[in-house]
Protein chains: 2
Amino acid sequence: MLSTANAPRTAPAALIDALRQRFGDRLSTALAVREQHGRDESPFDVAPPDAVVFCESTQDVADAVTLAAAHRVPVIPFGVGSSLEGHLLAVQGGVSLDLSRMNRVLRAEPENLTATLQPGVTRSQLNREVKDLGLFFPIDPGADASLGGMCATRASGTNAVRYGTMRENVLALEVVTASGQVIRTGTQARKSSAGYDLTRLMVGSEGTLGVITEITLKLHPLPESLAAAVCFFPDIASAVATTIQVIQMGVPIARCELLDVNAVRAVNNHDKLGLREAPMLLMEFHGSEAGVAEQTATVQEIAKDHGGEDFQWATTPEERTRLWTARHHAYLSALQMRPGCRAVTTDTCVPIARLAEMVVAAEDEARASGLPYFIVGHVGDGNFHIAYLLDPNLPGERDLAESLNERVVRRALAVGGTCTGEHGIGLHKQGFLIEETGEGAVAMMRAVKRALDPDNILNPGKIFAL
Amino acid sequence: MLSTANAPRTAPAALIDALRQRFGDRLSTALAVREQHGRDESPFDVAPPDAVVFCESTQDVADAVTLAAAHRVPVIPFGVGSSLEGHLLAVQGGVSLDLSRMNRVLRAEPENLTATLQPGVTRSQLNREVKDLGLFFPIDPGADASLGGMCATRASGTNAVRYGTMRENVLALEVVTASGQVIRTGTQARKSSAGYDLTRLMVGSEGTLGVITEITLKLHPLPESLAAAVCFFPDIASAVATTIQVIQMGVPIARCELLDVNAVRAVNNHDKLGLREAPMLLMEFHGSEAGVAEQTATVQEIAKDHGGEDFQWATTPEERTRLWTARHHAYLSALQMRPGCRAVTTDTCVPIARLAEMVVAAEDEARASGLPYFIVGHVGDGNFHIAYLLDPNLPGERDLAESLNERVVRRALAVGGTCTGEHGIGLHKQGFLIEETGEGAVAMMRAVKRALDPDNILNPGKIFAL
């Protein structure tokens, strides 16, 4: 079995017939639909699945997996397609399970600060639906990703510095296993010591251990007071040094985002913000009114010590939304700076004290390479992204970008960091995973995978080769 | 293999000889030593291992496991013996690995807010060693447990309401696998999406998936200001209702501990505290001076609305320590209220809004039963313990206590809670685990166990039967 585990396994006509019988016109084999489900935001070429099933319920998912399992054909869960690491590509063929119609918030329980929802709910939808309850869900990876996808990649983004990542905010899951069985992990309680932490095993498993069909999340009370500010710095090192000190002092800052001058220029062009074109921290503070005042005073002082300017405040909700929308657009805005380009994006995360040297070295090398690039970072976590914009028709540029990426990763690993803070391994970082954690740990991951998915049908070819 | 997986497997003379050759007088087969390693704080009878190895290094552990694995003989990691669920009992025979000599803090990195240490370090030792760096490790299960044991049971305790449990505070582990191989999980970075979350798989695995030999933890800056207060209530329901509202409002309270009148009486007797004998919340607030003042004002107001009295403050560090020491002694103090007794202790954790009804029902039933009992709770998490004090010579009392425990658990499960917030499954709650999470999830746990420990030598018989 293992010798063929990584070979393409085209869905046979018998499977397609069975799926059509079960799902009717919710099965599609149209090339346009398949191509749309065989790509994501990564720089990889499209790898379309053989068919797409539009699932509307847990039973749909269970039935689709059961049918695929009978033919040992891969299944690939699909949310909104915002992966940056090739998670959605059908590299071994198979059936894409489109979960975007499973988009209901099933229960919001303000009295318990929890919500239970289907995997196709997006983060912005969830926040719209719970806002009137005085609650919000903080994890915000930039893209308006599906919560199922955010579980699968262990997403984080802005706000994680204060509220944690998906790792900390998922309480329970319903999961369809490789045999089509429906299981539940976790409970509605905030903590538990009941057996293996299957919830955390599923979170970040990139669709390779089960298909997530229901999610219970922690919600948080909307802060009484909220302030957003930008601060410009003479150079990127000063901005990062400020961040490091803020974290070391334990200031409970809610968001602390770095944009380099190229990213600022991109969002200026795209969103007409008129920001000064200089390295910038975009920050948000949550708390009581007095608490927010205290936090901002502390951070302003630290910033000044590092050459930062006076904070510029987004005082109205509209201004705040405008700034954060611009931040969320940074990736797409920057791609437009080089029409037709694709991006190779790094995702290292390092112990906080080592962050400045990492960012500065990456910037120096990128500048020297001549490739267009930009830097954004969830710097409060020690996580930053440098994106190299390459012309897909010039193979030399792709190679150059990959070699720059490699150097960024190697430096991060050398100081005890990780090759991926939030995007996942996917297709792109499988070699780095082995370098980072060692053959022994990857062998343990493979053993878990083989135990839970012996025929290797769940999103095969991602995270590691079997 | 499976048919014999749960049978006792006495260490053969050849294994004892090999261990003696390798470890010399760090191997003991003396009955007193074996008995000391075959019990814990649970009400179970002692089940001594065949031998005890005092390990002093990762290599010691790896060698001991390798030798035991060659004979398919169980190994049971031992820290300080403070388990409440029978984790340390050699129910299938085997070798106890005493890790208490692996008690060095290897690195404290204040600049990164992390520490790396051996598993025999206790929480109080760690806090002593990092205090001068302006840091602390918040997880505090009451007992002065070893950090290895706290990882293995996914411990929490006071402070978890604000700082999370071991689940949230362990960054990386070194683990000896069932074959004696040394692997590493996680990195020093605060977050990562690099493959399966083996760290979280090991945390809470109760020694059944690997022996933890090194731990990297998050540390937290000592708060600028810190205040502890007690507040008395007319009844336990009012104290819990106060807690619920504090949590729902998002007040970042650091500790929020409930003691019922019996627990207060016990700590009064033991620690000469002179507290009023009434249901009590023992609280702690961390933050800036203004932040602490604000939090305490809010909580005092909520308490008053529920019939709580004026806060009594522990204003000096000495008074604070005295109060918390008394809280830490509550379990042992209460046992002394009935000389010679043993305790059956519940550990349910429920969604916060359901906590009051849970505590009140448990109290009513306990009172009606005639068994001595006391209640303490990390109520900010939705977690409380009711301990029934039983005469071990009266089997009827044990049965009564177990039936009371069962009713507490069933009620918790019915509202989406867990049978164990922090003590683990061990020997005691294996039936409850299946009720809680379902056969499907437990089958998945067993599949993981079989994949990582095919000969079932790692602390066999705990969490589930194979």
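Leu113(A) lies in the loop that runs between β5 (105-109) and β6 (114-117) of chain A, where strands (E, at least two residues) and helices (H or I, at least four residues) are DSSP runs numbered from the N terminus. The model is predicted, so that local features need pLDDT of at least 70 and side-chain atom pairs count only at pLDDT 80 or more, while totals for chains, interfaces and linings use all residues. Residues are numbered from 1 along each chain as its sequence is written, chains are lettered from A in the order in which they are written, and side-chain values use heavy atoms, with hydrogens and water left out.

Leu113(A) has a positive phi of about 60° although it is not a glycine, and at 3% relative accessibility it counts as buried (buried means under 20% relative accessible area, exposed over 50%, partly exposed in between, with a 1.4 Å probe and protein chains only). Asn459(A), in the segment after α15 (430-452) of chain A, also has a positive phi, near 40°, and is buried with a relative accessible area of 3%. Most residues other than glycine have a negative phi.

Ser83(A), in the loop between β3 (75-78) and β4 (95-98) of chain A, is buried as well, with a relative accessible area of 12%. Its side chain is joined to that of Asp40(A) by a polar contact of 3.3 Å, and a polar atom of the Ser83(A) side chain lies 3.5 Å from the backbone nitrogen of Gly86(A). A polar contact is a pair of N or O atoms within 3.5 Å; within protein, one must be able to donate a hydrogen and the other to accept it, and residues adjacent in sequence count only if both atoms are side-chain atoms. Leaving aside neighbours within four places in sequence, Ser83(A) is in contact (heavy atoms within 4.5 Å) with Asp40(A), Glu41(A), Ser42(A) and Leu88(A).

The domain assignment of chain A gives domain 1 (2-100 + 447-452), domain 2 (105-221) and domain 3 (225-414), with bounds that come from an automatic or database assignment. The centres of domain 2 and domain 3 of chain A, taken over C-alpha atoms, are 26 Å apart, and their contact takes 11 residues from domain 2 and 14 residues from domain 3. Thr158(A), Val161(A) and Arg162(A) supply 54% of the area that domain 2 of chain A buries against domain 3 of chain A, more than any other three residues.

The table sets this interface beside that of the two chains; buried area is the accessible area (1.4 Å probe) that two parts lose on being put together, summed over both, and a salt bridge is a side-chain nitrogen of Lys or Arg within 4 Å of a carboxyl oxygen of Asp or Glu.

| Interface | Buried area | Share from carbon and sulfur |
|---|---|---|
| Domain 2 of chain A and domain 3 of chain A | about 980 Å² | 51% |
| Chain B and chain A | about 5900 Å² | 61% |

Between domain 2 and domain 3 of chain A the rule finds one salt bridge, and the side chains of Arg255(A) and Asp140(A) meet in a salt bridge of 2.8 Å, N to O. Between chain B and chain A there are four salt bridges; Asp381(A) and Lys191(B) meet through their side chains in a salt bridge of 2.9 Å, N to O. The chains also share 38 residue pairs in polar contact, both residues at pLDDT 80 or more, and α15(B) gives the most to the side of chain B that touches chain A, with 12 residues.
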